[in-house]
Amino acid sequence: MDRKWWHDKVAYQIYPKSFLDTNGDGIGDLRGIISKLDYLKELGIDIIWLSPIYKSPFVDQGYDIADYYAIAEEFGTMEEFDELLAEAKKREMYIIMDLVINHCSDQHEWFQKALANPEGKYADYFYFRKGKNGNPPSNYRSYFGGSCWEPVPGTDKYYLHMFAKEQPDLNWENQELRQELYNMVNWWLEKGLAGFRIDAIINIKKDLEFPSFDPDGPDGLAGCWKMVESVDGIGEYLEDLKKNTFQKYDAFTVAEVFNMKKGELQKFIGKDGYFSTIFDFSAHCLSDGKHGWYDAPQIDFKEWRETVINSQLEVQKCGFEANIIENHDEPRGASRFLPEYAVNPDGIKMLGTINILLRGIPFIYQGQEIGMQNAVWNSIEEYDDINTKDQYDIARKAGLTDQEALAACGRMSRDNARTPVQWSHTENAGFTVGTPWLKVNSNYKEINVEDQEKDEDSILNYYRRLIRLRKSEEFREIFTYGEFVPVYHDTENIMAYYRLDGDRRILVAANFGKEAAEIEFEYPIKKMILSNQKGVEIEEGKRGLRLESCQVVILECE
């Protein structure tokens, strides 16, 4: 495998709106990010991914971009962004931004010009299509609910939007549009950006016939992803994008890819893949409901373990994936992947250990390093997220009571990850002196950075030790390039694996069960490297170990 500059790095996602507010308007800003670079450096972070900070009406929290070349004034100025780049560089850290090029905002100049002249050049930057028999061109349901087709005022045409109606899809068939996008990408890379997290990229390839599908819900619509899954040829666009942009700058790219076809992983992240890496969402998909959040299943440990193992075994044949527990689009991992008895510091450290020492690039989401959890939501009015409101309506229409629908949203809402970072036990968790744009999680007095800084046994200090271990001179090679080999996966509640590099072998073993469990060693143990619980000693010649509930150990084998 060709070695790349990003292979041994640890990444951290910042959701700027909720990170740290320095001017009292209740919205996080670039100045707040700059002020916490030393905190992130001490955590062990190399790559910082910023969720969208472009100019936007914020219908979908900045994923509706009105100007690709401008910073939203809510976050600051381009001068402050340049300062962030410079300060990160001083600390040998890299900044990547979101790249949202499947769609833009309906406030973007291109779309405004398209509406002004639906027969003109800019209309072909989008998908303007005539309706059929007084109905939309096809029966697609958008990711956020309702039809994917919105009438173009004053015409018999509709425009396509796979997300909100304020997010018209861009027509990648139009070469002139593609060049506009490439120019923009290169402009940011020239500025000093290290790369991009690439949003919803699998959606850029459309079936231009826009055929209807059998309805999959009582609304008579079919999920637009069915069209995405049925169409071929996206590789040509992705290869063209790479060659015209990323490849020229040795940029790091991590793509959000759902609906990949079987056998295509090599094309996406192999030696000459379209991207450096893609996120591994396989475990997150285990809680996908058939009809929505209201019938989303609880995650079963054995199914989760099998999914993680299979993903690791598949990916290591061709490249690296980006490993996550949570992000801005998912609920908090501690609340999602741990049984109730394990939602405590030991359990959260255990989950973090298993994830961060897997083969691949670890991505930590803001607040994960202190064990932030899902919030308690009392009414639908407390939410901001467009998707949560849609899922609440779906649940109510399916016959659930208000409390049942709220419970489903409380478990799965993206707003769980978007509550402000809990910096201290002072008012508003130290996030703002103003009124926060989204409520602060009520547990901030028990879970916050300031208190955990002072506690040697805190989740935060454990994460620091864990990342330091992964990047240490002694273990960097084995945790970066070492093979992943599962072990003890026929046991009831043990998640364990080896990392192998030549004649070196590291065992990572965790007990997700409520009761203690015994494991027998396959190889003699050389030394204990790290555990999340105190008092664990490995006696010389000992052939096994009792793992307490929520205990994880990292051992070097002979």
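Is Phe-363 buried or exposed? Phe-363 is buried, with a relative accessible area of 3%, where buried means under 20%, exposed over 50% and partly exposed in between (1.4 Å probe, protein chains only). The model is predicted, so local features need pLDDT of at least 70 and side-chain atom pairs count only at pLDDT 80 or more, while totals for chains, interfaces and linings use all residues. Residues are numbered from 1 along each chain as its sequence is written, and side-chain values use heavy atoms, with hydrogens and water left out.

The protein contains 18 helices and 22 strands; these are DSSP runs, helices (H or I) of at least four residues and strands (E) of at least two, numbered from the N terminus. Its C-alpha trace spans about 80 × 55 × 50 Å along the principal axes. Of the 558 residues, 61% count as buried.

The structure holds 44 aromatic pairs. Rings of Phe, Tyr and Trp (its six-membered ring) pair if their centres lie within 6.5 Å; planes under 30 degrees apart count as stacked, over 60 as edge-to-face and the rest as tilted. Phe-196 and Phe-246 make a tilted pair, 6.3 Å centre to centre with 50° between the planes. This pair links strand S10 (residues 195-198) to helix H8 (residues 246-249), 50 residues apart. Phe-196 is buried at 0% relative accessible area, and Phe-246 is buried at 3%.

Phe-279 and Phe-363 are edge-to-face, at 5.1 Å and 75°. Here Phe-279 lies in strand S13 (residues 277-280) and Phe-363 in strand S15 (residues 361-365), 84 residues apart. Phe-279 also counts as buried, at 3% relative accessibility.
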